[in-house]
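Morning, everyone. Let me put the model on the screen, and then we will walk through it.

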Amino acid sequence: VNRSDTARRQVIAVLDDAAAGTPALELASVLARERRRELGVVYVESTRSLVAAALPMTRVLTHAGSTWVDLRPADVEQGFRAHAERLRELAARVALQHAVQWSLRVVRGSLTATAAELEAESDLLLLAAAPPSAAPATRAATRPPHRPAIAVVSDRSEAGERAAEVAAELARALGGQVQTFRVDAAGPASAQSAGLAGLARSDVIVLPRTRPDLAALAGWRCPVLLVG
Amino acid sequence: MRRMAARLLQAHELVTRCDPATLAPEPAGADAAPPDTATDIVGQARARAAVDFGIAMPREGYHLFIMGPAGSGKRSLARRAIDARVAGHGVHRYDWVYVNNFDRPHQPVAIRLGAGQGARLQTDMRALVDELRTTIPAAFESEEYATELERLNTDFKDRAERGLIEVGEAAQRQGLAMIRTPVGFTFAPQKGTEVMSPQEFEALPEAERKRLEQAVNGLQEQLVHALRATMRLRKEHADRLRALNRATTKLAVEHAVDEMKTRYAESPVVCAHLDAVRAAVIDDADAFRPHDDGEGGGHDGALARFEVNLVVDAGGIDGAPIVEADLPTYQNLIGRVDHIAHFGMLVTDFRHIKAGALHRANGGYLLVDALKLLTQPFAWSALKRALLRREIRIEAMAEMFGMVSTVQLEPQPIPLDVKVVLVGERELCLLLQAHDPEFEKLFRVVADLDDDLPRVAATQRALAQTLAGQARSCGLLPPGAPALARLIDHGARRSGDATRIHAGVRHLLDVLHEADHLARAAQRAQIGADDVAAAIAQRRERAGRVDERVREAMLRERLAIATAGSCVGQVNGLAAYQVGDEGFGLPTRITATTRLGDGQVVDIQRETRLGGPVHAKGVLILSSFLAARFSRFDPHSIVGSLVFEQTYGLVEGDSASLAELVALLASIGDIPVRQSLAVTGSVDQFGHVQAVGGVNEKVEGFFDLCAARGLDGSHGVVVPASNVSQLMLRDDIVQSVADRRFALHAVTDVDDAVEVLTGLPAGDAAMRSADTVNGRIAKRLHEYASLRRGEPRFVRRKPLRIHRATPERGGQ
């Protein structure tokens, strides 16, 4: 089995928060079904949270209330376990619905670093970070849109072309619409931010793996699919 | 006044036969036209007038009670009057539907519609819902809706996140990172893009650590404010989404509902309901939208509340103006609310309201059997309540009696406009009149059917036509005129009067059915008089077990009834009894003994509590008669004892008082009485003989016993002359009388009876003589009175002769 075959065996969804789970896993499952691949779910336990919890002055505003309480590393560890369990339930339900095989891994680090580490394992990496909003997500917000807006960034590279193909495939499967953003393959992301302002309004962003830096421009407000 | 002597009746006086020629029967062919009176009843003019009046009377409280004997055509009478009324004036029937009350679902709304309109509304509502199941999802699938929804969501997202982003940016400016941990939001000092480690933080100067802590405190407050603002935005967003959904739904539903309202413009209630439907659809458009699983718009459970429950369909089978409540239970009258089991719970809604007989009869007529109604728990009270309130209010009995405390449906009451006709026995009506004050308020018209009809030519003809018509409608063989005449004779016999016909026509129809069976078995094309006679005989035979056993006991002398010879103080009385629908008669031995005493007649039946009050009254009359006739100037100086021998049950009635008097007189006068005769009749204080009931059965009972022992011409029955017109005796008795083997003596006075039974002249009670019955009695009583006064006896009394019955006749 060469590297190329291995990369085409799975669609990997990388998440660092269960709140992002439903729409991301839906998209990844649809992609896995269309491509006849397995769904690999990777939950990233954020080391930033652990480091912050270790500081003596750190207090946390819990999701459940409006009061600030002391935060300890043990609290964070407990939260990681809860999120992992929640993702396991979500993955089982969504995978069953789309009739795809699935697996769950838990790693520790950061979302971007983990994505880079998993680059060799799949040419389709879906990254989903916790939404910026702290309020509990509404049902509408946690469901994938009925006709999602799919943004694809093309830098005229080979990976960019594949990204466009995958975006079109997703649009067909989900009944969505594709909006293409052209960028300079060599230019830094910051220099092209004006042309990419519309990314933030998308339901999913498809990027060539060569430009993961562009994902940050969308502020992680929606899942990002990196196509290798 | 000169007394009439006993009269020996001639054969022609014993029965009054109907002449078939007077019936003018219709042709018996299959193509004969059915008479108009096939379902009518005969006679009963007074009852007819009362029913016609009651049916026509429109005022409140003029409901009817038709009372009369069973099978006399009470229902037919009511139906005839109602049919005539409906034919002349028509009826105004309405459909009634129950629909959901969207504000208070436990109080469904009743709507009145024209006949046939209920089904139309039901269909139209189903069509409306089907239409909305298509148009509402389509509206939500439209590009306009999607665009507007996207705009609202994006706007909400932007505004909700803006506050948090600003807090995050403020944190950045102060060297802090806002981090979303699995537990919640926190702030941590950062070094570059990474969070500062504890060691690095501890290494910071004290002042810097203080600054960071203060900055964190400030940011925490900002974050709380930002989150609260987000919650407000969320509510605002939800409101905007709701408004968008309502506007989208309204667009889809408005036209459909308005179009339907134009079709029901004449009914403001329906229009109001359609407005409520529109509001409910707009409020809950999700019910019409596809599920998460992508299934079609709407689901039956949520959309059921838009259905129409047609409880009365005046345009369909409920449209008949007469409803007959066969089983008038509370629920069957008032209606009910059914429940269905749903996941272990009993649930209900307006769709499960079921109509009762009152609903179906509303605007028309309700026919109820009074006995059935009164024997159903709470049904009578419920009917009265509905009639008094003039509305049908469906109430669960369990709730009325506090047996359930859960919320029950309270369907809106339906205004009631019905004419109720109760049919039942006379006693039932009298009881209600006596004991139920509300009965008089509600049932102000009472139609009283006679027990029997005058036996005149017109009545006989009408009855014959009715019977022939019924035979035709029931598919019986055509009855010939002799058969009909025989039936009419039977009707007269049942009335106990040759001049009347029993009103129970149904009984005659039953006999006709049985005669039809016999005629068919004999492969006859027509029902003949013999078939009718055989059917009557078979009915009697079926009921005759007791009669047969009693006669057998008499023939074996286990029951002592002498039919030959003579005996002092012993008379054959006659009793009648009923087995089912058949009457029978039997002789019973009455004995009397007398002795010196203080003027009492001891009724042994009464002393042993085996005599009823009417019987006791008869015996007291005898005592009075004796004293008045024989002891006006002497002290009444005898004690007499009377008893019905070998009777072990209650003896009631005064029809044996003549026999008892004869027994007493014979005992006092020491005069033998002929045992080949039996006596029936009551007497008054003057000795006049009065009519009694069951005379035919009594005569037949004694005849059958005598015939079984052998008629020799000595046998007969003494009957009151006033009963002669009621005689409807069997053919064999009439023939025996014609052949002088049996006799009937009609008497008007006790002296007539005494002469027939003793063979002695009655004589004058004032003339103490041994040659007459009254003379002997007067003489004996005078002797008793002398003894009581203490006067010496100057005439030795002859030894008492005991007259015994002839042994070969089974006498005692």
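First, a term: buried means under 20% relative accessible area, exposed means over 50%, and partly exposed is in between, with a 1.4 Å probe and protein chains only. Now the ground rules. This is a predicted model, where local features need pLDDT of at least 70, side-chain atom pairs count only at pLDDT 80 or more, and totals for chains, interfaces and linings use all residues. Residues are numbered from 1 along each chain as its sequence is written, chains are lettered from A and ligands numbered from 1 in the order in which they are written, and side-chain values use heavy atoms, with hydrogens and water left out.

Start with strand β14 of chain B. In β14(B), 5 of the 5 residues are buried, so the strand is largely enclosed by the rest of the structure. Helices (H or I, at least four residues) and strands (E, at least two) are DSSP runs, numbered from the N terminus. In a regular strand the side chains alternate between the two faces of the sheet. Here is how that looks in β14(B). Y365(B), L367(B) and D369(B) point one way, L366(B) and V368(B) the other way, and all are buried.

Now the sheet around it. Which strands form it, and in what order? The order is β9-β14-β17-β2-β18 in chain B, 5 strands in an open sheet with parallel pairing. Strands β9 (322-325) and β18 (445-448) of chain B stand at the edges with a single partner strand each, so one side of each has no neighbour in the sheet. Neighbouring strands are turned by 20° against each other on average, direction ignored.

Pairing next. Two strands pair if DSSP finds at least two bridges between them. Go across from β9(B). With β14(B), β9(B) pairs in the parallel sense over 4 bridges. V323(B) has L366(B) in β14(B) as its bridge partner. Then β14 (residues 365-369) and β17 (residues 419-424) of chain B pair, also in the parallel sense, over 5 bridges. Two partners to note there. Y365(B) is bridged to K419(B) in β17(B), and V368(B) to L422(B).

On to β2(B). Its parallel pairing with β17(B) runs over 4 bridges, and I66(B) has V423(B) as bridge partner. On the β18(B) side, β2(B) again pairs in the parallel sense over 4 bridges. There, L64(B) stands opposite V445(B). Is β2(B) covered on one face or both? Both: L64(B) and I66(B) are buried on one side, F65(B) and M67(B) on the other.

What lies across this sheet? Helix α1 (residues 45-56) of chain B lies across β2 (64-67), β14, β17 and β18 of chain B, at about 155° to β18(B). Helix α14 (residues 426-435) of chain B lies across β2, β17 and β18 of chain B, at about 140° to β2(B). For these angles, axes are lines fitted to C-alpha atoms, for helices over the stretch in contact, and angles run from 0 to 180 degrees between N-to-C directions. Contact means heavy atoms within 4.5 Å.

Next, a helix pair. Helix α23 (residues 657-669) and helix α27 (residues 773-789), both of chain B, pack at an angle of about 65°, with axes 8 Å apart. L665(B), I668(B) and G669(B) from α23(B) meet R776(B), I777(B), R780(B) and L781(B) from α27(B). The contact residues divide into 4 nonpolar, 1 polar and 2 charged. For the classes, Ala, Val, Leu, Ile, Met, Phe, Trp, Tyr, Cys and Pro count as nonpolar, Asp, Glu, Lys and Arg as charged, and the others, Gly among them, as polar.

Two single residues now. V308(B) sits in strand β8 (residues 308-312) of chain B. V308(B) is buried, with a relative accessible area of 5%. Among the residues that V308(B) touches are V97(B), V99(B), L121(B) and M125(B). F350(B) is 42 residues away along the chain, yet its C-alpha is 8.7 Å from that of V308(B). Over in chain A, V153(A) lies in strand β7 (residues 149-154). V153(A) is buried too, at a relative accessible area of 0%. C-alpha to C-alpha, V153(A) and I205(A) are 7.7 Å apart, at 52 residues apart in sequence.

Last, chain B overall. There are 27 helices and 31 strands. Of the 812 residues in chain B, 50% are buried. Take the contacts in chain B between residues at least 6 apart in sequence: 76% join residues at least 24 apart.

Methods
Lists of a residue's contacts leave out its neighbours within four places in sequence.
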